[in-house]
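A set of questions and answers follows.

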Amino acid sequence: MIVVTGGCGMVGSRLVHRLNRLGRSDILVADNLTDGRKAKNVATACFEDYVDKEDCLAALAGRMAEVEIVFHLGACSRTTEADGRYVMKNNYEFSRALLALCQEGGVPLVYASSAGVYGNGGVFREEPECERPLSVYALSKRLFDVRVRQVTASSLRAPVTGLRFFNVYGPGEHHKDDMCSPVFRFFSQIRQGRAAEVFEPPAGGAEPRRDFVHVDDVVSVLVWAWRSQVAGIFNVGTGEAWSFDAVARAVVERLAQGEVRRVPFPGRLLPSYQSTTRASLERLRAAGCDERFRPMPEGVADYVAWLEREAPLLHGPVESW
């Protein structure tokens with residue numbers, strides 16, 4: 001049996017669908033469906049069981065002998081969440097308990113970390129000295145990485161693989177509201193007859209640039225991690241950084257409509273805002289992962305084409321988005 005926590009979310013649901021295409025449906029999905037919009041992501045997927053996040057650890061405790069691999073993708077992914085107790089309980093304490101369960105049962109664990117751990121240090125290499133989290137979300141991810149390093153350095157009974165996702169975009173994010181990718185936001189704005197709104201650089205700052213990675217390329221690395229069972233922490237991004245303006249113009253080009261308009265940078269974002277992300281892929285490549293990451297223009301074109309086909313089914317009339 002394969003376990004996917006966060007299996008109804010963006011990355012998790014795409015992984016479940018990929019596993020189906022690989023011939024696997026013996027999947028246990030764990031998630032929190034308080035936001036029922038996520039259910040659309042797995043409406044056509046095949047999996048044998050579902051458990052609520054709150055019941056997940058207890059449900060797995062008696063079934064670890066059946067489990068082949070745990071993909072831990074569930075988390076509070078709201079990077080601006082201010083309730084530190086909530087974030088730490090969901091992202092650190094739950095993950096720590098799941099890690100202990102997997103080690104006790106000898107079950108490999110592949111989990112989602114985040115490029116947020118790097119903050120604005122400017123060096124995106126999987127080393128402790130490069131980690132400078134700016135938010136409680138990023139701190140929760142870093143602390144679990146630290147815990148994994150401690151376990152790996154002592155008595156590892158089964159491989160543990162941490163994947164630091166950079167700025168993921170693609171199908172399955174319709175429920176994320178203000179945490180959606182800029183691609184989805186720009187597409188929605190243009191389809192509503194508005195301009196794609198791009199923030200001006202923060203006062204005195206440089207143009208923000210991010211490493212935008214397509215969700216299906218992230219899923220390919222998840223599958224690689226499962227098959228290779230290489231322990232360690234690895235970046236998952238393209239290794240290229242693009243401005244938000246370039247992303248907006250890629251959306252406009254694919255739609256052959258719309259325009260880009262600059263808007264003031266919201267000051268409330270400044271304290272925890274990462275100005276640049278760009279994955280170092282040396283460690284991932286050295287570990288044997290040769291998965292291709294599509295460049296931003298190609299990935300945006302693929303995603304916008306998907307949105308043109310699927311968005312009405314997800315959202316109803318564009319006026320309601």
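Q: At roughly what angle do the axes of helix α5 and helix α7 cross?
A: This is a predicted model, in which local features need pLDDT of at least 70, side-chain atom pairs count only at pLDDT 80 or more, and totals for chains, interfaces and linings use all residues. Residues are numbered from 1 along each chain as its sequence is written, and side-chain values use heavy atoms, with hydrogens and water left out. Helix α5 covers residues 182–191 and helix α7 residues 244–255, and their axes (lines fitted to C-alpha atoms over the stretch in contact, with angles from 0 to 180 degrees between N-to-C directions) come within 10 Å. The crossing angle is roughly 50°.

Q: Which orientation class describes α5 and α7?
A: Angles under 35 degrees count as roughly parallel, over 145 as roughly antiparallel, 65 to 115 as roughly perpendicular and the rest as oblique. The axes cross at roughly 50°. The two helices, α5 and α7, are therefore oblique.

Q: How many nonpolar residues does the contact of α5 with α7 have?
A: Contact means heavy atoms within 4.5 Å. On the α5 side the residues include Phe186, Phe187 and Ile190, and on the α7 side they include Phe244, Val247 and Leu255. With Ala, Val, Leu, Ile, Met, Phe, Trp, Tyr, Cys and Pro counted as nonpolar, Asp, Glu, Lys and Arg as charged, and the others, Gly among them, as polar, the contact of α5 with α7 has one charged residue, no polar residues and 11 nonpolar residues.

Q: How many charged residues does the contact of α1 with α6 have?
A: The axes of α1 (residues 10–21) and α6 (residues 215–228) come within 9 Å and cross at roughly 65°. Among the residues that meet are Arg14 and Arg18 in α1 and Asp216 in α6. By class, this contact of α1 with α6 has 10 nonpolar residues, one polar residue and three charged residues.

Q: How is α2 oriented relative to α3?
A: The axes of α2 (residues 53–61) and α3 (residues 84–105) come within 10 Å and cross at roughly 10°. That angle makes α2, relative to α3, roughly parallel.

Q: How far apart do the C-alpha centres of domain 1 and domain 2 lie?
A: By an automatic or database domain assignment, domain 1 is 2–166 + 213–236 and domain 2 is 169–210 + 240–265 + 295–314. The C-alpha centres of the two domains are separated by 26 Å.

Notes: Helix = DSSP H or I, 4+ residues; strand = E, 2+ residues; numbered from the N terminus.
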